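Dear colleague,

I am passing on the structure below, followed by notes on what was found in it. Please read the notes with the structure open beside them.

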Amino acid sequence: MAATAETVEKVQSLSERYKYGFVTDIETDMAPKGLSEDIVRFISAKKNEPEWLLEWRLKAYRHWLEMPEPQWAKVDFPEIDYQDAYYYAAPKMKDQPKSLDEVDPKLLETYEKLGIPLREQEILAGVAVDAVFDSVSVATTFKHKLEEVGVIFCSISEALQEHPELVRKYLGTVVPYADNKHACLNSAVFTDGSFVYIPPGVRCPMELSTYFRINEQNTGQFERTLIIADEGSYVSYLEGCTAPMRDENQLHAAVVELIALKDAEIKYSTVQNWYPGDEDGKGGIYNFVTKRGDCRGDYSKISWTQVETGSAITWKYPSCLLRGDHSVGEFYSIAITNNRQQADTGTKMVHLGRNTKSRIISKGISAGRSQQTYRGLVRMGSKAEGARNYTQCDSLLIGESCGAHTVPYIESKNRSAQVEHEATTSRISEDQLFYCRQRGIPEEDAVALVVNGFCREVLQQLPMEFAVEAQKLVGISLEGSVG
Amino acid sequence: MAKSLVSTEPYAAQFEALQATLPDSPLAERRLQALARFRELGFPTTRQESWKYTALRSLAGLTPATTTEAPSLDRAPALLADTAAHRLVFVNGLFRAELSDLGELPQGAFIAPLTEALDDETLISDDESGAFALLNQALFQDGALIALERGTLLDQPVILTFVSIDEAEGRSTHPRLVIRLGENSQATVIEHHLGYGEALGLSNLVSSVHLATGAKLDHVVLQTEEAQVQHIATRRVTVGRDATYDSFGVTLGAGMSRNEIEVSLEGTGASCALDGTYLLAGTQHGDLTSTIHHRAEHTTSRETVKGALAGKARGVFQGKIVVEPGAQKTDGRMMNKTLLLSDKAEIDSKPELEIFADDVQCAHGATAGELDANALFYLRARGIPEGRARALLVEAFLADVIELCPVEALREELRDRAGRWLAEASHEEAAA
């Protein structure tokens with residue numbers, strides 16, 4: 001694309017508000033409103049699930065009833081009425097589509113608007129996409145090509161039918177059903193999500209990607225992602241999320257479990273752009289997500305990269321359990337909050353094995369009247385000989401009514417373990433803005449430019465195609481924050 | 001909420017027994033209220049965020065006994081013995097005039113045991129909220145008052161020596177310290193907490209410090225209590241416009257200690273430093289918890305805490321900088337560094353920033369680990385034996401922070417004590 005055309009497009013996209021705020025009118029198949037054991041059974045039956053899973057769901061549901069809501073995060077919202085939501089909403093389809101041609105064209109159109117032309121991607125981009133619409137997975141592209149090398153990439157309901165032994169072996173082993181209230185709810189009512197299995201020694205030939213979208217009103221989305229990288233394998237996985245603009249809050253309580261066996265590596269990137277609510281904080285998604293990776297084998301590696309720009313409330317701590325010796329955990333994060341968004345996000349690095357290493361780079365940008373918190377834990381277990389952690393958390397403040405908070409927990413029980421933590425908070429530099437403006441760059445663009453520079457370390461970690469998108473998102477999210 | 005490990009009832013009983021002997025004052029009513037509130041709250045548990053890392057396990061074994069007469073003591077050890085100073089000595093919470101030497105006080109300075117000033121109700125602040133502070137409010141028998149009128153400069157330091165004698169179990173003392181500095185006045189206050197005896201005892205100090213416009217206070221606390229002592233200190237400081245509060249804390253003693261400091265920078269240009277060090281060995285547990293509120297523009301804070309942990313010691317650092325809305329041009333820096341000298345030592349560090357204003361510069365850092373292997377190799381390559389090389393590096397690590405002690409005359413003493421501690425710790429390490 002010519003430079004000028006690109007500029008025009010960029011300016012256009014900057015002036016856009018939440019461009020994913022449309023609703024697709026599709027007939028859906030819904031469960032009755034509310035939550036009860038019957039709903040759990042209904043979901044399980046709908047998905048034709050094995051008995052053990054239903055039992056597991058029910059166990060989770062019963063536990064959920066007892067569990068208290070987590071109160072420690074620095075977020076503020078009215079109590080959630082769990083009965084006032086639909087827990088299952090699926091686009092109506094006559095039969096399971098065999099290929100993309102059978103998928104409802106309206107759905108495909110939606111994805112095209114979202115910037116994921118499934119068809120084109122199948123041919124051109126070489127990115128395999130699993131798209132989850134409300135509660136169920138609609139299409140998985142590139143399946144055959146992946147099958148050739150033995151990679152399993154499908155929706156988790158499909159995996160339950162076709163590879164029940166794999167799912168049963170790993171499901172809930174990283175995030176147990178009773179982990180926290182939101183994960184517990186997810187375990188009871190999860191409707192779909194992606195399942196990835198990379199066989200030993202295979203380097204997944206393409207980036208895998210999932211797109212989540214909440215379309216239906218009053219629905220919660222509870223997807224569950226399970227990725228297993230068997231010995232010596234590698235996979236890079238990307239998820240993106242959007243939702244229509246609605247006045248009421250919608251709940252998204254997902255669980256992601258990653259398992260890296262010996263010598264395996266998983267790279268998990270997220271671009272989260274759920275509807276953040278309007279300027280006055282009306283509407284928007286509650287994004288309460290539990291993500292955890294388990295470096296089970298020696299020399300394994302799990303790397304989380306996240307760009308969090310959406311959601312009214314974000315409550316999310318992608319973590320790594322570094323169990324295998326010499327395993328590595330990474331967390332790169334950009335979180336941008338504007339208007340009245342609230343984000344409480346961070347990571348946990350739990351070093352258990354010898355010579356384990358972790359690195360945390362977190363960049364937070366708060367603007368408007370938003371509140372943002374980095375909350376992280378680095379724990380060096382007593383057996384973590386020679387473990388190493390480096391943490392850097394920087395916050396940028398734009399406007400005098402926003403807040404930025406840093407709450408790191410550092411616990412070390414091993415003297416040979418080395419922990420370093422650094423954090424800074426400051427305002428966007430006047431000098432840098434002045435420099436840009438002097439050269440004729442409008443203030444808003446100058447802010448986007450400076451912020452992009454501030455985030456560069458993290459943006460670099462994203463797969464190429466998405467780095468560009470993320471950069472644009474940074475601009476859009478901050479729109480209206482200056483002047 | 002989980003039930004506390006420690007029951008409040010014995011303390012209520014202690015209050016009953018003490019009530020008749022407590023100094024009579026308009027405070028009697030407040031004591032009762034504080035006790036009631038304390039019983040309602042109960043002792044903190046690890047379920048409370050601010051007490052997450054500190055359990056009151058050993059305190060559970062203590063049955064507080066009533067003492068109205070302190071055991072005899074001929075002489076109290078003196079810090080800076082050769083220096084002229086205003087000295088007050090307390091033994092088991094009670095003021096001992098014969099051991100003290102107030103010296104000559106300049107015009108405008110009032111330094112006395114608190115019991116002599118209890119008619120002034122404002123001296124005991126109302127808004128105690130923590131369980132230990134409330135308990136102190138109910139049970140305090142004596143303490144010190146240091147008040148300077150506007151423009152008074154105190155040349156000599158005030159040295160407060162708190163001696164705990166724990167020959168019989170059950171000492172439960174609650175001294176109180178009140179420091180009020182008027183406009184543009186200056187003072188240096190040194191607290192020394194030490195003791196004798198091997199029985200379980202509780203020292204529960206509450207200090208309240210108030211600095212008016214332009215006042216300056218250098219405040220050093222040296223805590224070297226015995227291994228069975230449970231030492232709790234709660235300090236609340238308000239710093240007025242252009243006033244400076246420089247404090248330095250050294251934690252060497254007590255089986256379990258907790259220093260909780262809350263500083264509020266209330267006026268434009270106010271600044272504070274909360275520096276210090278902790279050197280813990282054996283099964284010691286040392287907790288340093290601080291909150292610095294920046295409530296006005298152009299306020300500055302610095303907190304540099306370095307410590308070394310040997311044996312099975314556990315260190316806890318919880319520091320929090322809060323920048324309130326409107327406190328623009330704030331500069332807040334916090335650093336916590338810990339050396340782990342043994343395999344069983346543990347550090348839990350939680351440096352926190354809470355920022356509600358945008359034109360600020362705030363930073364914090366934390367590190368934990370052992371001595372730098374390269375530096376050690378460098379020294380050994382030059383023929384310095386390993387033990388000596390290690391000692392050198394630890395000394396260098398601590399020398400940095402000791403330099404921050406605002407009372408220069410004390411630095412040598414602190415370096416000495418650090419050196420002795422280190423020698424002992426490495427000796428034990430070698431024996432283990």
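Chain A exposes about 18600 Å², of which carbon and sulfur atoms supply 47% (areas by the Shrake-Rupley method with a 1.4 Å probe; for residues, only the protein chains shown count as cover). This is a predicted model, in which local features need pLDDT of at least 70 and side-chain atom pairs count only at pLDDT 80 or more, whereas totals for chains, interfaces and linings use all residues. Residues are numbered from 1 along each chain as its sequence is written, chains are lettered from A and ligands numbered from 1 in the order in which they are written, and side-chain values use heavy atoms, with hydrogens and water left out.

Of the 483 residues in chain A, 62% are buried (under 20% relative accessible area, with exposed over 50% and partly exposed in between; 1.4 Å probe, protein chains only).

Over all chains, the whole structure holds 53 salt bridges (a side-chain nitrogen of Lys or Arg within 4 Å of a carboxyl oxygen of Asp or Glu). In one of them, A:Asp294 and A:Arg323 meet at 2.5 Å, N to O, and this pair links parts of the chain 29 residues apart; A:Asp294 is buried at 0% relative accessible area, while A:Arg323 is partly exposed at 39%.

Another salt bridge, between A:Arg427 and B:Asp359, has its closest N and O atoms 3.2 Å apart, and because its partners lie in chain A and chain B, the pair joins two chains. Here A:Arg427 is partly exposed at 27% relative accessibility, and B:Asp359 is buried at 17%.

Best regards

Methods: Helix = DSSP H or I, 4+ residues; strand = E, 2+ residues; numbered from the N terminus.
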